[in-house]
Amino acid sequence: MARVGAAVEAGCARYTYRLRVSCAAGAALAAEWGRCRWVWNECAGKSRAVHLHNKATGQKATCGPAQLDRMLTEARARTPWLREGSSVVQQQVIRDFGRSRAKALRDIEERLPMARRAGMPAYKKKHETLATLNYTRRGFRLKDGRLHLAGGIVLTVVWSRELPAEPSSVRVYQDSLGHWYCSFVVPAQVQPLPETGRVLGIDWGVKETATTTSDAHDLPHSGHGRKAGTKLTRYDRMMARRRPKKGRPASKGYREAKKLRAKEHKKVARQREDTGRKWAKKVVRDHDAIAVEDFRPKFLAKSTMARKAADAAIGATKAALIEMGRKHGRDIRLVHPAHTTMDCAHCDARAKHRLPLGERTYTCTACGNTSPRDKNSAHVMLVRAGLNPAGADGARPPGALLQEAA
């Protein structure tokens with residue numbers, strides 16, 4: 001079990017804003033991204049070459065950020081096109097590549113299952129990747145409400161809210177619709193909420209996105225993707241009819257259908273995010289401590305429930321709950337999901353066999369307790385997190401009256 005969101009571990013938060021990008025600024029950002037993509041691909045090529053060399057000779061040569069930084073310095077000295085770009089963002093590309101490669105190597109050393117491993121950094125193709133530029137503090141500044149990036153790029157920020165503190169870095173990126181955004185990293189500001197004396201257990205599922213120990217806080221399956229299925233199918237057929245032959249440029253109709261499809265996908269993603277954030281705010285506002293199943297739905301992508309699991313957006317909802325708990329100083333406890341559907345929340349006995357997914361009622365063979373399967377799992381979260389299950393009903397935990405009398 002892990003605790004998340006304590007006030008002393010506030011960490012950092014991101015504030016994202018829309019950008020108004022002129023034609024000149026857009027061309028400059030595209031050129032900057034082209035240089036950064038070239039640097040990333042060179043790093044990937046060097047890493048693969050070192051790996052093949054070590055495999056053939058038995059040596060243990062390294063390919064860390066220090067060696068890649070020297071390569072970048074040499075490349076900028078002899079390549080005017082690369083030297084025209086900012087060194088700040090290019091060096092940040094090397095740092096990002098180093099972290100990605102280190103994570104992949106660490107997963108291999110720890111012998112994680114293939115489904116949970118982070119793959120080695122791959123090449124970024126021109127027409128298949130979206131622009132992402134990271135600037136540290138010396139690579140940008142805010143002046144008169146505008147964002148000035150290294151290299152003389154000036155962008156207009158749509159300030160939907162004030163920044164709570166001075167940003168330490170900024171990420172400028174483009175989404176699938178071609179819109180530009182900037183994401184500032186600032187120290188997180190904790191906004192404590194009044195104590196309620198209540199606790200909550202949460203179990204993730206597919207039929208219902210979240211089942212809790214309180215009926216009023218269950219999150220039903222929203223089905224945003226299913227509702228948009230008709231339009232998405234129509235756009236897929238439009239793209240299929242206009243799909244260009246290999247090596248030929250796409251037609252105007254194909255590009256328009258592709259943009260309509262991306263726009264609908266973006267709408268669904270925003271609906272899921274909005275639903276998750278509203279539910280997370282309600283849960284955090286009404287409870288002091290929350291026991292959450294540390295569920296990782298990645299394996300569902302290869303199952304028969306892949307489409308419905310993706311539409312439930314369990315990962316995004318879980319991330320929204322953790323972030324909301326950190327923001328308001330609530331006690332969020334992540335519970336390992338092993339055997340949570342087999343244990344009895346009443347007597348802690350474990351069933352001798354795994355219950356089938358279609359079984360909706362849990363019956364304990366030891367104490368005879370009967371309850372809905374997901375509700376039982378939600379109560380198991382409270383027991384494993386060391387919280388009093390009765391607190392979910394508003395009751396005081398054991399010893400509360402003695403403490404008040406003392």
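Aspartate 175 counts as buried, at 5% relative accessibility; here buried means under 20% relative accessible area, exposed over 50%, and partly exposed in between, with a 1.4 Å probe and protein chains only. The structure is a predicted model, in which local features need pLDDT of at least 70 and side-chain atom pairs count only at pLDDT 80 or more, while totals for chains, interfaces and linings use all residues. Residues are numbered from 1 along each chain as its sequence is written, and side-chain values use heavy atoms, with hydrogens and water left out.

Lysine 266 forms a salt bridge with aspartate 175, and the closest N and O atoms are 3.9 Å apart. Lysine 266 lies in helix H7 and aspartate 175 in the loop between S7 and S8, so this pair ties together parts that are 91 residues apart in sequence. Lysine 266 itself is partly exposed, at 23% relative accessibility. A salt bridge is counted where a side-chain nitrogen of Lys or Arg lies within 4 Å of a carboxyl oxygen of Asp or Glu. Helices (H or I, at least four residues) and strands (E, at least two) are DSSP runs, numbered from the N terminus.

Side chains of opposite charge can pair when their charged atoms come close. In the whole structure, the search finds 15 salt bridges. One of them joins lysine 318 to aspartate 294, with 2.6 Å between the closest N and O atoms. This pair links distant parts of the chain, since lysine 318 sits in helix H9 and aspartate 294 in the loop between strand S12 (289–293) and H8, 24 residues apart. Both lysine 318 and aspartate 294 are buried. Another salt bridge joins the side chains of arginine 99 and aspartate 96, at 2.5 Å from N to O. Arginine 99 and aspartate 96 are separated by about one helical turn, because they stand 3 residues apart in helix H4. Arginine 99 is exposed, with a relative accessible area of 51%. Salt bridges can also link up into a network, as they do for Glu32, Arg35 and Glu84.

On a 1 Å grid over the protein atoms alone, a cavity is a set of points where a 1.4 Å probe fits but cannot get out; a pocket is an open set with protein on both sides within 12 Å along at least five of seven lines, and lining residues have an atom within 4 Å of a point. Grid points are joined across faces, edges and corners, and a volume is the space filled by probe spheres set on the points. Among the residues that line the largest cavity are Thr209, Arg272, Asp311 and Ala313. Strand S11 (219–220), helix H7 (252–286) and helix H8 (306–312) each supply at least two lining residues, and the largest share, 3 residues, comes from H7. The lining divides into 4 nonpolar, 5 polar and 2 charged residues. In this count Ala, Val, Leu, Ile, Met, Phe, Trp, Tyr, Cys and Pro are nonpolar, Asp, Glu, Lys and Arg are charged, and the others, Gly among them, are polar.

The second largest pocket holds about 910 Å³ of space. Of the 27 residues that line this pocket, Arg14, Thr16, Arg161, Glu273 and Arg277 are the closest to its centre. Strand S2 (12–20), strand S7 (169–174), strand S8 (180–187), H7 and helix H9 (314–327) are the elements that give two or more residues to the lining. That lining divides into 8 nonpolar, 6 polar and 13 charged residues.

Most residues other than glycine have a negative phi, and most peptide bonds are trans. Alanine 313, although not a glycine, has a positive phi of about 55°. Alanine 313 is found in the loop between H8 and H9 and is buried, with a relative accessible area of 13%. Arginine 111 also has a positive phi of about 55° and is not a glycine. Arginine 111 is found in the loop between H4 and S3 and is exposed, with a relative accessible area of 72%.
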